[in-house]
Amino acid sequence: MEIIHSNKIITIIRRSLNLIDKRLTEHGVKVMVVLQDMLKAEGCQNMELKKNLSLLALLHDVGAYRTEEIDDLVKFEIGDVWQHSIYGYLFLREFTPLGELAKVVLYHHADCQEVANQPEHIRRYAQMLHVADRAVVWHDEVKRSEDQLNKHFSLGMGTKFSPEAVRLWLKCQEYKTFEKIDDSRCLDAALNCCCLTDSEATDYLAMVIHAIDFRSRDTVTHTMGVMEIGLRLAQRMSIPEDDCQKIYYGAMLHDLGKIGTPVSVLEKPGRLTPQETAIMQNHVVLSGQIIDGCVDETVSRIALRHHEKLDGSGYPLGLKEEDLTLPERLMTTADIVSALCMSRSYKEAFSKEQCLSILRDMLENGKLDPRTVTAMETFFDEIMAQADEECRPLRETYERISGEYQAILKKYTPKETP
């Protein structure tokens, strides 16, 4: 049984990235088109390298979800955009098979002089990605001619842009690359080289999910917490193994839509306004748009119904008891427990007693399934200990990435003059 169709992972990632900011819609795929033509101009015959560089092009702005630099990303003359480059590099290096090739993303906004001391292949491909990225921004945002872009590249050759990368871009005129950016068929075709193995597909999907959860120390393990709590709770309730797996993957996907929710709303201290609440609740709709047609239908419903309640007071559909299966009801309980038992920007982590008290209140008010609440009460310590053990490596990774981020940022951020 294929729960998440591996050949659809790129579609899920593409849709997720398109929600970061409307100005970046299809930006990664367009950069991929340009980079692939530059590789063609270079005579690249290594299909594995082409695949990996295409994935880097697709994902080069994934770190932008974690930062506030998007206004700069859509300008041709950019300012300090190291933050999203660093996060993107660390996510890709840590959670995908790319390893140190991810350094291409770290330097994709660096002037050619800044990467002169990097290994030759990192320098070359970072500059190619830099030129490809700027070509797309010029086309989409500056909206001036290709001839004017060529002149700009030529003027910056040797300082901002490497002569080699500019030469490859100029050769791309033979392929009408500037026109391809407007052709949806070319965008779709560019993705054909990104065929992932099952293992790679899982890695890349997990990387996007971690990019969402890593927005703060408080939320870093939320998705994994729901996955582990949901799976352990299902096992204690003797739910069939096939359904346990569907619950696990439903939990993995349940908050994907938060990539399109402003961080200012997600991490706001204090009560949300009605407008902010509507924005927050829309993450479920966005999740549905991302996974539509890409995931087993039962898994999709588990993921998209984790805020529904038995009395119809949930969202986004206001479903009632008769509309919700046991796995869907269980997911709601697992999500609530994960949210309660960790700190957030607006609250401290709740104790076991507080968590169970809230679950009982919700049960008495007809919102939660009694079987899931009873099992959670019975096995709380065991389930939470197992979930904590599974989440510990991810927390440690977060701390390591946070430390590396600060060290790299300090290295490349100009010191303020006194």
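Gly99 is located in the loop between α5 and α6 (103-106), where helices (H or I, at least four residues) and strands (E, at least two) are DSSP runs numbered from the N terminus. With a relative accessibility of 24%, Gly99 counts as partly exposed; the classes are buried for under 20% relative accessible area, exposed for over 50% and partly exposed in between, with a 1.4 Å probe and protein chains only. Between Gly99 and Tyr89, 10 residues apart in sequence, the C-alpha to C-alpha distance is 9.5 Å. The model is predicted, so that local features need pLDDT of at least 70 and side-chain atom pairs count only at pLDDT 80 or more, whereas totals for chains, interfaces and linings use all residues. Residues are numbered from 1 along each chain as its sequence is written, and side-chain values use heavy atoms, with hydrogens and water left out.

The secondary structure of the chain consists of 21 helices and zero strands. Along the principal axes, the C-alpha atoms fill a box of roughly 70 × 55 × 35 Å. Of the 418 residues, 56% count as buried. The accessible surface comes to about 17,900 Å², and 49% of this surface belongs to carbon and sulfur atoms; accessible areas come from the Shrake-Rupley method with a 1.4 Å probe, and for residues only the protein chains shown count as cover. Among contacts (heavy atoms within 4.5 Å) with a separation of 6 or more, 71% are between residues 24 or more positions apart.

Thr261 is placed in the loop between α14 (241-253) and α15 (263-266). This residue is buried, at a relative accessible area of 3%. Apart from neighbours within four places in sequence, Thr261 is in contact with Tyr65, Leu266, Ile279, Met280 and His283.

Aromatic pairs were assigned to rings of Phe, Tyr and Trp (its six-membered ring) with centres within 6.5 Å; planes under 30 degrees apart count as stacked, over 60 as edge-to-face and the rest as tilted. By this rule, the count is 12 aromatic pairs. Trp82 and Tyr412 form a stacked pair, with 4.3 Å centre to centre and 15° between the planes. This pair links distant parts of the chain, since Trp82 lies in helix α5 (residues 82-95) and Tyr412 in helix α21 (residues 370-412), 330 residues apart. Both partners are buried: Trp82 has a relative accessibility of 10%, and Tyr412 has a relative accessible area of 18%. Phe95 and Phe214 form an edge-to-face pair, at 5.8 Å centre to centre and with 85° between the planes. Here too distant parts of the chain are linked, with Phe95 in helix α5 and Phe214 in the loop between α12 (198-213) and α13 (222-236), 119 residues apart. Phe95 is buried at 14% relative accessible area, and Phe214 is buried at 2% relative accessibility. Phe95 and Phe214 also belong to a cluster in which ring pairs link them with Tyr87, Phe91, Tyr398 and Tyr405.

Charged groups also sit over rings, as assigned when NZ of Lys or CZ of Arg is within 6 Å of the ring centre and within 35 degrees of the ring normal. The charged end of Lys40 sits over the ring of Tyr175, 4.3 Å from its centre. The charged end of Arg124 is positioned over the ring of Tyr125, 4.5 Å from the ring centre.

Side chains of opposite charge can pair when their charged atoms come close. Across the whole structure, 34 salt bridges were found, a salt bridge being a side-chain nitrogen of Lys or Arg within 4 Å of a carboxyl oxygen of Asp or Glu. Asp21 and Arg23 form one of them, with the closest N and O atoms 2.9 Å apart; Asp21 is buried at 17% relative accessible area, whereas Arg23 is partly exposed at 35%. Arg93 and Glu94 meet in a salt bridge at 3.2 Å, N to O. Of these two residues, Arg93 is buried at 17% and Glu94 is partly exposed at 24%. Glu164 and Arg123 form a salt bridge with the closest N and O atoms 3.8 Å apart. Glu164 lies in helix α9 (residues 163-171) and Arg123 in helix α7 (residues 120-142), so this pair ties together parts 41 residues apart in sequence. Glu164 is partly exposed, at 24% relative accessible area. Glu164 and Arg123 are linked with Glu42, Glu120 and Arg124 in a network of salt bridges.
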